[in-house]
Amino acid sequence: MELRKLAAVAALVLGLTGALTGVLGSSTPYVLSDAQGLGRLFDGIGGLSGGGATSRLLVNYPEPFRSQILDFLFTPGFGASLHILKVEIGGDAQSTDGTEPSHMHYENDENYFRGYEWWLMKEAKKRNPNITLMSLPWAFPGWVGHGKNWPYDFPDITAAYVVNWILGAKQYHDLDIQYVGIWNERNYDSNYIKLLRYTLDKSGLETVRIIASDNLWEPVVQSVLLDPELSRAVDVIGAHYPGTNSVKEALKTQKKLWASEDYSTFNDEVGGGCWARILNQNYVNGLITATISWNLVASYYEDLPFSRDGLMTAEEPWSGNYVVESPIWITAHTTQFTQPGWTYLQTVGHLAQGGSYVALTDGKGNLTVVIETMTHDHSVCIRPPLPPFNVTSQNATFQLEGSFASIKELQVWRSQFNFKTKKSSFFEKLPPQKLLNGLFTIKLAEDEVYTFTTIPTGQKGSYPAPPPSARFPKVYKDDFNVRTPPFSEAPNFADQTGVFEYYVNMSDPGPHVFTLRQVVTERPVTWVADADQTISVIGDHQWENLTVTCDVFMEHDETGGVFVAARVDKGGQSVRSARGVFFWVFADGTYKVTSDLAGQTVLAEGKSGTRAHGWHTLSLTVAGSYASGRLNGYPLWKNAVVLAPKNGWAAIGTHTFELAQFDNFAVVAEY
């Protein structure tokens, strides 16, 4: 009690205010109390699969490694213990690192087993039945826009399309989607949002909440404030990369405020520092009550855009290797000791010498305090720019008051980043912290994260080390002969425009019954500039000298065209400008060799005799500065000069958005 009086006197003498001002001296306690009421309800920490194809390689990991990765992400009290899983509603279009298939390629088509998001949600739910499921479209099939690159001219069609996905999740997978968004980082339409709310309600989905607009705070905040009907339709204001700040008008809406996409940073230790800082300061600075990482797990080819921007890395299903990166354990500092439905205390803030602290309670006597002291240069996120600030080592004293005054002991977990020695330690259990009259003092170094909690559980989960990292096999074959495939897409193919799916070719009694088919037949309502051709890449981006062979089948008379390619240098949002060596054949009986996907730079061309509705075998060999091609086993062209690029993936694809089939794909590469 004397300590408390002394602290109070010191505060008066120094003329200091409360902890929220962030200017307390180290000798003055930071008060943690519920005596004056509580702060906002905590809604959780999550990861985003999609936007797009960020979990593409995860699905074909062999067991037990695939299940281990999922445990590190979702199993409560083991690793990241995520509270929220957000997924893309696939729209058949490029949405950052690839395309994700739609449940309705065409207006008269419905299939709720395409892609891997259904599987991922079920795996998450299996591990944590209480996980919150969210969904958001990045793009839409072309028929939704009636040929225009815009989803709002026929809002009833768009709303029905989205609601069908939510209904399918329940009907076919027993998944309850709790939140749905509008259109990722693109314009919203107030009338569409109201119609979506109406369509959800009339479909028996009254409990599904709408989040808007997955972009900036403005202008959606103003729209909500000015339009009572829109306000009734929108439950959450979701902003992307808010830099830990909200805006006054957002607070005026009295809605939940979420960082519905954040982080997006290379997952080295600076990435871990970024994540530690924003998980605390999103609430301290912005009263943001949920933060969702793009992306959940970096499970896409590393040479695609935003490589390794996930909470962990799993990009080698062929080897089984994966890496549990620092963001997993930074997440655990909060997620293993809180749950959605807990409440922040009002007494949160900045530390006097830099850093921040938050405190949460379950309202039943439990308390969790998370402290971070990340320095500026060790916590820079990919966006927005981070203004300068200073953090230095300090002693911090915390005073528990209100219903927490009688707590005698707190469990302690610590992460220490060490950027000098590179010998960091993450999520280490320390001896319990004893409290005297509700007080405890901690010596905080730079670049640390601490959790002090009444929750006695908590575990740094582990498995035996996965297999060592290895390059993609230099000899690779796939005949697509899978009678009942577990997923709609063949392993390791990463669609960059269009969608390539397993297909049963009932019209072919011969060797091509089971094939891979490109199925998108009109340009989608895109999110970025998809190519005008379809393309799926595979393999090792470092490949230089290789032979790619594939059987191809064009389904469009006269206008059909397909290709095999090597040294493809780009994918993702840059796919339109992809270069490489592309060997095309066309249904009009011609062939062409180009150094670009767009087909503008021609290296060779001539007659091929190829036609639609018949199988042809293409073989492309690239060695050094020369390329040659064979058709049906016979040389068709040779010694085309290839100056650039020097390396890249293998690929298959089509000349336009058209139906075409591929079979007996093979690569032989040199390292």
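In which hand does H4 pass H5, left-handed or right-handed? In this predicted model, the crossing of H4 past H5 is right-handed.

**Helix pairs**

Two packed helices are described by the angle between their axes and the distance between the axes. Helix H4 (residues 155–173) packs against helix H5 (residues 190–202) at about 45 degrees, the axes lying 9 Å apart, and the two helices are therefore oblique to each other. On the H4 side the contact is made by Pro155, Asp156, Thr158, Ala159, Ala160, Val162, Val163 and Ile166, which meet Tyr192, Leu195, Leu196, Thr199 and Leu200 of H5. Sorted by class, this contact of H4 with H5 holds ten nonpolar, two polar and one charged residues.

Helix H9 (residues 269–286) and helix H10 (residues 326–335) form another pair, with axes that come within 8 Å and cross at roughly 20 degrees, which makes H9 roughly parallel to H10. The crossing of H9 past H10 is right-handed. Here Glu269, Gly272, Trp275, Ala276 and Leu279 of H9 meet Ser326, Pro327, Ile330 and Thr331 of H10, and by class the contact of H9 with H10 comprises five nonpolar, three polar and one charged residues.

The sulfur atoms of Cys274 and Cys381 are joined at an S to S distance of 2.0 Å, and the link is right-handed, with 105 degrees about the S-S bond. The count of disulfides in the model comes to one.

| Residue | Relative accessible area | Class |
|---|---|---|
| Cys274 | 0% | buried |
| Cys381 | 9% | buried |
| Cys550 | 0% | buried |

**An enclosed helix**

Helix H2 (residues 65–74) is largely enclosed by the rest of the structure, because nine of its ten residues are buried. These buried residues of H2 are Phe65, Arg66, Gln68, Ile69, Leu70, Asp71, Phe72, Leu73 and Phe74. The elements that cover them include strand S4 (84–89), helix H3 (117–127), strand S11 (313–316), strand S12 (321–323) and H10.

Key
Residues numbered from 1 in each chain as written. Predicted model: local features only at pLDDT ≥ 70, side-chain atom pairs only at ≥ 80, totals over all residues. Heavy atoms only, no water. Axes fitted to C-alpha atoms, helices over the stretch in contact; angles between N-to-C directions. Helix = DSSP H or I, 4+ residues; strand = E, 2+ residues; numbered from the N terminus. Parallel < 35°, antiparallel > 145°, perpendicular 65-115°, else oblique. Left-handed = near helix turned anticlockwise from the far one by under 90°. Contact = heavy atoms within 4.5 Å. Nonpolar A, V, L, I, M, F, W, Y, C, P; charged D, E, K, R; others polar. Disulfide = S-S within 2.5 Å. Buried < 20%, exposed > 50% of the residue type's maximum accessible area, 1.4 Å probe, protein only.
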